[in-house]
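Visitor: I'd like to go through this structure with you. Where do we start?

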Amino acid sequence: MRTTKLQLLFLGLLLVALVTNVSARRHIRKHRTTTEPSLQDEVINMLEADEIAEDDNKDAEVNFENAGNELAAKKQRLIEVDPCMDKHCSAGRVCKSTEDGVAECVCIEYCDEEVDPRRKVCTNYNETFGSDCEVYQARCFCNTDDPRCRGSKYHHVHIKYYGECKEMPTCKEEDMADFPRRMRDWLFNIMRDLADRQELPSHYLKMQREAETNLTLRWTNAAIWKWCDLDGHPHDRKVSRHELFPIEGHLMALEHCIAPFFDSCDADNDHMISLTEWGKCLQLDEDDIDDKCDELAEANSNLY
């Protein structure tokens, strides 16, 4: 009987030891799983995270691409309805859609009659036109061989200044000799004023700051800025007499030498002024004149 009791006690102690050992092992496994993941677990978790991130990026790319495609499709539908929406026409021309749905630029047929005398303009042929529209129209008629062309000289007619034509003081030789210096000063001061008023585009602002601290760049940067600014659509690396109008038209009443000055800039008489010609007539060193228009245009496009 005593032996049986001892055997039962021994079995009980053995059972307690086994249960305690199993519980301890479970605790160790649980602790290892929650606080010390194995290398294999870490690799699997990293791969899963990469897959999730890749899926998110793909979804974002798809959404962006879909949005871009949707905008492009809307624009295409609008162009199909009105092809002229995506067509740029120069002064004196308007866009007209052909029967085949092709947008083309044609000479404007009618100009509104202006009753305000201040709307009259004086041309380079010392003729008064009723409006700037009439000048652009006259040039378009000649450039398209329209029978309404007034004569071959009107291929290059342009506006000299606003208002009726009047007799201008003669530009004396001594005035003309000093004019390039006054023109350089004027360009630099305009560039500075625009910067002070925060109206100078940022891609030109760097040039203005350089000009403030470097006397060598004081005149050249201002000259390059204005020439690139004047070279409008298309950017053909030449400034036409029409493109010079923003300067000439407003300075004519104040600077009677402005017209003969621009005439002197057009050395080859092709009605266009290259950057080299522009630098020469401003009496700048040709080696200091650097064509930065592409660089400036790219900087401007990156802003939008």
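Guide: With one term: a residue is called buried when its relative accessible area is under 20%. Keep in mind too that this is a predicted model.

Visitor: OK. Which residues of α3 are buried, then?

Guide: The buried residues of α3 are D132, V135, Y136, Q137, A138, R139, C140, F141 and C142. That is nine of the 12 residues in α3, so the helix is mostly covered by the under 20% cut-off.

Visitor: What do those buried residues of α3 pack against?

Guide: Strands. The buried residues of α3 pack against β1 (93-97), β2 (103-107), β3 (121-123), β4 (128-129) and β5 (159-162).

Visitor: How far does α3 reach from its first C-alpha to its last?

Guide: α3 reaches 17 Å, close to the 16 Å expected at 1.5 Å a residue. Just after α3, D145 takes a positive phi of about 55 degrees.

Visitor: Which residues lie nearest its centre?

Guide: S90, R139, S240, H242 and M272 lie nearest the centre of the largest pocket, out of 23 residues that line it. R139 is also listed among the buried residues of α3.

Visitor: And which helix gives the most to that lining?

Guide: Helix α3 (residues 132-143) gives the most, with three residues.

Visitor: How do the lining residues divide by type?

Guide: The lining of the largest pocket has six nonpolar residues, 11 polar ones and six charged ones.

Visitor: New topic. How many disulfides does a search of the whole structure find?

Guide: The search finds eight disulfides. We can look at some of them in turn.

Visitor: Start with C84. What is its partner?

Guide: C84 forms a disulfide with C95, and their sulfur atoms are 2.1 Å apart. This pair links distant parts of the chain: C84 is in the loop between α2 (39-81) and β1, C95 is in strand β1, and the two are 11 residues apart.

Visitor: Left-handed or right-handed?

Guide: Left-handed, because the torsion about the S-S bond of C84 and C95 is about -85 degrees.

Visitor: Are C84 and C95 buried or partly exposed?

Guide: C84 has 17% relative accessibility, so C84 counts as buried. C95 has 25%, so C95 counts as partly exposed.

Visitor: What else does C84 touch?

Guide: Leaving out residues up to four places away in sequence, C84 touches C95, K96, S97 and A103. C84 and C105 are 9.0 Å apart in space, C-alpha to C-alpha, and 21 residues apart in sequence.

Visitor: C105 has come up. Which cysteine does C105 pair with?

Guide: C105 forms a disulfide with C89, their sulfur atoms 2.0 Å apart.

Visitor: Buried or partly exposed, for C89 and C105?

Guide: C89 counts as buried, because its relative accessibility is 18%. C105 counts as partly exposed at 24%.

Visitor: What about C171 and C257, how is that disulfide handed?

Guide: The torsion about the S-S bond of C171 and C257 is about 100 degrees, so the disulfide is right-handed. The pair links distant parts of the chain, 86 residues apart: C171 is in the loop between β5 and α4 (173-196), and C257 is in the loop between α7 (245-251) and α8 (258-265). The S to S distance is 1.9 Å, and C257 counts as buried at 0% relative accessibility.

Visitor: Back to helices. Where is Q208, and what does Q208 touch?

Guide: Q208 is in helix α5 (residues 202-213). Not counting residues up to four places away in sequence, Q208 touches M191, R192, A195 and L200. With a relative accessible area of 6%, Q208 is buried.

Visitor: Last one. What span should α6 have, and how far apart are its end C-alpha atoms?

Guide: At 1.5 Å a residue, the 16 residues of α6 (residues 215-230) should span 22 Å, and the end C-alpha atoms are 24 Å apart, which agrees. The buried residues of α6 include R218, W225, W227 and C228.

Definitions and conventions
Residues numbered from 1 in each chain as written. Predicted model: local features only at pLDDT ≥ 70, side-chain atom pairs only at ≥ 80, totals over all residues. Heavy atoms only, no water. 1 Å grid on protein atoms, 1.4 Å probe; cavity = no way out; pocket = protein on both sides within 12 Å on 5 of 7 lines; lining within 4 Å. Helix = DSSP H or I, 4+ residues; strand = E, 2+ residues; numbered from the N terminus. Nonpolar A, V, L, I, M, F, W, Y, C, P; charged D, E, K, R; others polar. Expected span 1.5 Å × (residues − 1). Buried < 20%, exposed > 50% of the residue type's maximum accessible area, 1.4 Å probe, protein only. Contact = heavy atoms within 4.5 Å. Disulfide = S-S within 2.5 Å.
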